[in-house]
Amino acid sequence: MTGLRIVAAVWVVLFHFHFSPLPGVAHVAAWFGPLITQGALGVDLFFVLSGFVIAHTYLDKLGPALRVGATAKFVWARASRMWPVYVLVFNLFGLWLVARIVFGGGGNIAYQSVQPVVSVGQWVQQLLMVQMWNNQYLDGASWVGPTWSLSAEWLAYMLFPVGALVFFRLRTLPVVVLAVGSLALMTPIAIAYLSTGSPYYPWSWAVRVLCGFGAGVLAHLVVRRMRSTEKVRSRASVLAAATPLVIAAGLIVGEAAGSGRGGAVLVLFPVLVGALALADRGPAGFLARPWMVQGGRISYSLYLVHIPVFEIYWTLLTHFHVVERHAVLAYASAVLVLLSTLVVASVAFRFVEEPARRRMRRMHLPRRRPSAAPAPDAPRATVPQQARPVSAPELVAAFRDVHVAAAFVAPEPRHAATAARRPTLAAALVNAQRRRPAHRADLVAAVNRMENIRAT
């Protein structure tokens, strides 16, 4: 799932870059056709993938009942994930827009069909990621154009604790019903593509995020009902390999039928996500490679920074026409700009996104209280230096007594891993595998230590 994120992000990046006013870029875009010009579908793939992953992580926690504590933890976790690097990027780009207003001579300040409004009120809306909530259309609503989808997804997150109550109670429906429901939620946008070639009408952004997110949640309910057998994994791997080919073919055939009609293939996105979740070879193995997973980790930063980088590049092109007149310079600059987005995204992830996310998550975690010091007159356990010989019946009885005592005391799970505690069970298992066979004297000493612990 993480590797799939970089595929969707790169698809969106290439879609936006094909608007560059360079002959070479236009030739490449014409050669690949809808495989690039329909790259906006990568946003819909993000919505489906997000619904799937959020359901996988939080549905069992939020679904049984609406609890304030669990809801607050969920909202804070999502804010920790989205907000820090977003705030940095949109504020820096806001300074760029102000500079364009001051020194640009009254022209367009951003490469958007509708120019964004730069004001204090808009800054507050952008800061809270709610700029789309009172806009019917996405054009000009965000200073950084693609962040309209982040505002839309933030709305989906706010609604998820309530929606989880419904989805959780649908989990026992037949698998066929859940699968059909997941595909059906994608049909409103698919119908818009088939009828007009573009999913653009009042509040269409809300339909895209809510339907895509809901389709991802239902796809997760389907996957969790499937048993991970060799047969299921094999068929899922075949389906995961075939679905991208069908999507690509549908884009090409749909474009031949009419401009933008191929976008209806987004109805297959839940199938792709669900198949990859069950598959263990083919595309699933490719997406699980370390460099693809790392790409998926920086995909959010890439989605944020690529438009600011492109806008600076496009502005420079308007002042240095020599690049357009030389094909070699044009191709070289295009490649360098695309690579630079990956570099900037990696830096943003390494020094902003991930450190800030960890700090914010720790801010919400309750601090562990220090354990009380023992009373001065409390008896202290002593471990005997030399243990007397223990017979086999006594050894068995000692272990039985320890287990019986443990049954009446509910100790804190030693395997629970939190931000402040290591996964001790996993470490113990690893150490146990490396440990030499225990000698009888070691067992006797262990029994004696447990007896002393139990006595105190």
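**Pockets, a helix and salt bridges**

Colleague: How does the lining of the second largest pocket split by class?
Modeller: There are 16 nonpolar, ten polar and three charged residues in that lining. Nonpolar here covers Ala, Val, Leu, Ile, Met, Phe, Trp, Tyr, Cys and Pro; charged is Asp, Glu, Lys and Arg; the others, Gly among them, are polar.

Colleague: What sort of model is this, and which pLDDT limits apply?
Modeller: The model is predicted: local features need pLDDT of at least 70 and side-chain atom pairs pLDDT 80 or more, while totals for chains, interfaces and linings use all residues. Numbering runs from 1 along each chain as its sequence is written, and side-chain values use heavy atoms, leaving out hydrogens and water.

Colleague: OK, back to that pocket. What's its volume?
Modeller: The second largest pocket comes to about 850 Å³. A pocket is an open set of points on a 1 Å grid, where a 1.4 Å probe fits, with protein on both sides within 12 Å along at least five of seven lines; lining residues have an atom within 4 Å of a point. Volume is the space filled by probe spheres set on the points, which are joined across faces, edges and corners.

Colleague: Who's nearest the centre of the second largest pocket?
Modeller: F15, H16, F19, L138 and D139, out of 29 lining residues. Helices α1 and α14 are the elements that give two or more residues to that lining, and α14 has the largest share, with five. Helices are DSSP runs (H or I, at least four residues), numbered from the N terminus.

Colleague: And the largest pocket, what's in there?
Modeller: About 1,000 Å³ of space. Its lining has 38 residues, and V53, I54, Y58, R78 and R81 are the closest to the centre. By class, that lining is 20 nonpolar, seven polar and eleven charged.

Colleague: Which helix gives the most to the lining of the largest pocket?
Modeller: That's α4, with eleven residues. Several helices supply at least two lining residues there, including α4 (41-62), α5 (68-103) and α16 (327-364).

Colleague: Switching topic: is α9 mostly covered or mostly open?
Modeller: Mostly covered, with 18 of its 22 residues buried. Buried means under 20% relative accessible area, exposed over 50% and partly exposed in between (1.4 Å probe, protein chains only). Helix α9 takes in residues 204-225 and reaches 32 Å from its first C-alpha to its last, close to the 32 Å expected at 1.5 Å a residue. That expectation is 1.5 Å times one less than the number of residues.

Colleague: Now the charged pairs. How many salt bridges are there?
Modeller: Nine, counting a Lys or Arg side-chain nitrogen within 4 Å of an Asp or Glu carboxyl oxygen. In one of them, R224 meets D60 at 3.1 Å, N to O. R224 is in α9 and D60 in α4, so this pair ties together parts 164 residues apart in sequence.

Colleague: What does E230 pair with?
Modeller: R281, with the closest N and O atoms 2.7 Å apart. E230 sits in helix α10 (residues 230-257), while R281 is in the loop between α11 (269-278) and α12 (283-287), 51 residues apart.

Colleague: And where do E354 and R357 lie?
Modeller: Both are in α16, three residues apart, about one turn of the helix. E354 is buried at 12% relative accessibility, whereas R357 is partly exposed at 23%.

Colleague: Which residues are joined into one network by shared partners?
Modeller: E230, R233, D280 and R281, through salt bridges that share partners.
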